[in-house]
Amino acid sequence: MLAGLGPAGGLAALRGLLARPLTSYYLLLSSAGLLLLIGLTMVFSATSVRDYAEAGDAAASVTKQAIFAVIGIVAFWACQRLPATTFRSLGRPLLGAAVVLLLVLNLLVALEALFGLESLGPLRADLLWLYLGPIQVQPAELAKLALVLWGAYVIARKGAALGWWKELATPLFPVVGLLFVLVGYNDLGSMLCLLAIVVGLLWAAGVRLRVFAALSAVGLVGVGLLIAVASLGAGSGARGQENYRLARLTSFLDTPDPKVCVEQALEGCWQMVQARNAIEHGGWFGVGLGKSSVKFGWLPAAHNDFIFAVIAEELGVVGCTVILVLFAVLAYTGLRIARRVADPFRRLAATAVTAWLVGQAVINIGGVTKLLPLTGVPLPFISDGGSALVVTLAAVGMLASFARAEPDAARALHARPPARWVRLVWAPLPPLPGARSRPASPPAAPGSVPRARGRRPDDQAVPRGVRQDRTRGGSASERRR
């Protein structure tokens with residue numbers, strides 16, 4: 001469509017496309033949908049050999065992932081139909097459920113480590129996963145979405161009061177600290193994703209830079225403690241064995257010789273060396289889809305944490321660039337939605353979800369390419385994993401709901417509403433900007449704002465909207481003065 005136009009004309013046409021009212025919605029659908037399709041394709045490519053060797057069914061893993069993708073699409077469809085009031089009310093129950101699941105998970109992991117107790121009835125834990133019979137969930141993924149909804153609701157209610165440390169510290173910081181401990185003890189990578197969510201929330205709320213500096217210092221201390229406790233059995237570590245988290249950090253800062261790393265299978269550098277070999281083997285255009293060599297048992301977690309290395313080997317620099325561009329489009333779209341919506345809750349939640357998904361992608365890709373220390377988080381939309389995929393698509397569905405609620409998008413949908421069956425099957429019309437279906441919620445209680453914030457009484461002040469008494473009084477000379 002842009003063929004035959006000069007640079008100026010093409011840029012003007014692109015601006016025209018971006019200025020359309022539903023651009024955010026369609027950009028979100030296209031980028032997330034393409035990432036999902038690429039993910040299913042690459043999961044099949046990375047797992048087919050292993051599945052065929054172990055069970056004689058090359059499509060076992062991709063079939064399971066496709067089932068979770070369907071569940072995730074249903075979650076996307078349900079979330080894009082919900083109004084902002086429903087998301088506000090879901091924050092606290094989801095947060096409570098996530099905390100309970102994390103407590104149960106850590107309790108089971110501790111019982112197994114201390115007493116060798118592998119299960120409590122139908123409940124069983126495997127490091128990051130909690131099993132209830134045949135049902136497998138990863139509580140850390142639910143904690144990410146719960147922190148987005150609850151944190152956006154709390155910060156939106158506080159408003160300008162966030163300028164005071166007292167208001168910023170309660171109740172946000174205690175709850176965030178609890179989640180960091182419950183998640184980070186076993187999964188440092190997911191804790192960093194939670195940190196990205198908190199940073200996104202505070203940045204969207206306009207918190208001062210000195211607060212970010214203080215949080216950075218506290219975060220570094222917390223990460224250091226979590227690295228240290230790996231020697232006591234945190235995560236996949238074990239008492240008396242080498243601290244695998246510290247080994248990953250030291251391997252990043254001072255990488256040993258690849259030959260020595262491969263021969264001795266050193267902790268912290270084996271995966272990095274194999275990932276680098278895969279990237280070098282792929283070159284610009286890759287060796288071809290399905291022709292990766294590292295997935296033949298050379299690269300651990302090739303279908304999950306290191307699936308980007310398989311993409312680099314099979315699709316080359318071109319394929320990796322496509323992935324990066326799609327995540328860049330997703331980042332642009334999320335921030336565009338946050339900038340255009342008028343509701344503070346929507347703005348905060350959209351920024352937090354964008355920081356979460358893009359931050360997790362940066363952590364994963366940076367670890368695979370050795371630009372960042374290795375932490376072990378999945379690549380959103382692409383890595384194999386059911387809980388992560390379902391929660392991610394639900395979060396994207398919430399973003400889609402916010403995109404349809406942009407003022408221009410809402411007016412355009414009401415000006416030319418879709419057919420009734422489309423509204424019933426796909427999504428109802430969003431509310432028009434400025435229209436309220438019910439009276440506005442009352443302002444926060446006076447106790448929620450520090451007294452120094454309150455307005456001083458002034459006998460000379462006249463309440464807004466009240467006209468002064470214009471009765472003529474005094475002498476004529478006084479009136480003339």
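## A walk through the predicted model

Leucine 35 is buried, with a relative accessibility of 0%. Keep in mind from the start that this is a predicted model.

### Around leucine 35

Leucine 35 sits in helix α2, which covers residues 23-55. Which residues does leucine 35 touch, leaving aside its neighbours within four places in sequence? The contacts are Ile323, Leu326, Phe327, Phe381 and Ile382. One of these, leucine 326, is 291 residues apart from leucine 35 along the chain, yet the two C-alpha atoms are separated by 7.1 Å.

Phenylalanine 381 belongs to the loop between α14 (344-368) and α15 (386-404). Its phi is positive, about 75°, although the residue is not a glycine. Is phenylalanine 381 buried or exposed? At 3% relative accessibility, phenylalanine 381 counts as buried.

Alanine 301 also has a positive phi, near 55°, in a residue other than glycine. Alanine 301 is found in the loop between α12 (270-282) and α13 (307-340). With 27% relative accessibility, alanine 301 counts as partly exposed.

Now to the strands. Strands of a sheet pair through backbone hydrogen bonds, either parallel or antiparallel. Here, four strands make an open sheet in the order β1-β2-β3-β4, with antiparallel pairing. At the edges are β1 (119-120) and β4 (135-137), each of which pairs on one side only.

Serine 119 has arginine 124 of β2 as its bridge partner. Arginine 124 in turn stands opposite tyrosine 131 in β3. Between β2 and β3 (residues 129-132) there are four bridges, and these strands run antiparallel.

The last pairing, β3 with β4, is antiparallel and has three bridges. There, leucine 132 stands opposite isoleucine 135 of β4. The hairpin of β3 and β4 has two residues between the strands, and glycine 133 takes a positive phi near 65°.

### Two helices side by side

Helix α5 (residues 139-158) and helix α7 (residues 172-184) have axes that come within 11 Å and cross at roughly 175°. The two helices are therefore roughly antiparallel to each other, since an angle over 145 degrees counts as such. On the α5 side, the contact is made by Ala140, Ala143, Leu147, Trp150, Gly151 and Ile155. On the α7 side, the residues are Leu172, Val175, Val176, Leu179 and Val183. Sorted by class, this contact of α5 with α7 has ten nonpolar residues, one polar and no charged ones.

### Salt bridges

Side chains of opposite charge can pair when their charged atoms come close. How many salt bridges does the model hold? The count comes to six.

| Arginine | Aspartate | Closest N and O atoms |
|---|---|---|
| Arginine 50 | Aspartate 51 | 3.4 Å |
| Arginine 346 | Aspartate 343 | 4.0 Å |
| Arginine 411 | Aspartate 408 | 3.2 Å |

The surroundings of these pairs are worth a look too. Arginine 50 is partly exposed at 30% relative accessibility, whereas aspartate 51 is buried at 7%. For the pair of arginine 346 and aspartate 343, arginine 346 counts as buried at 15% relative accessibility, and aspartate 343 is buried with a relative accessible area of 16%.

Arginine 411 and aspartate 408 both lie in helix α16 (residues 407-415), three residues apart, about one turn of the helix. Arginine 411 is partly exposed, with a relative accessible area of 43%, and aspartate 408 is partly exposed at 41%. Elsewhere, salt bridges that share partners tie Arg88, Asp343 and Arg346 into one network.

Methods: Residues numbered from 1 in each chain as written. Predicted model: local features only at pLDDT ≥ 70, side-chain atom pairs only at ≥ 80, totals over all residues. Heavy atoms only, no water. Salt bridge = Lys/Arg side-chain N within 4 Å of Asp/Glu carboxyl O. Buried < 20%, exposed > 50% of the residue type's maximum accessible area, 1.4 Å probe, protein only. Pairing = 2+ DSSP bridges. Axes fitted to C-alpha atoms, helices over the stretch in contact; angles between N-to-C directions. Parallel < 35°, antiparallel > 145°, perpendicular 65-115°, else oblique. Contact = heavy atoms within 4.5 Å. Nonpolar A, V, L, I, M, F, W, Y, C, P; charged D, E, K, R; others polar.
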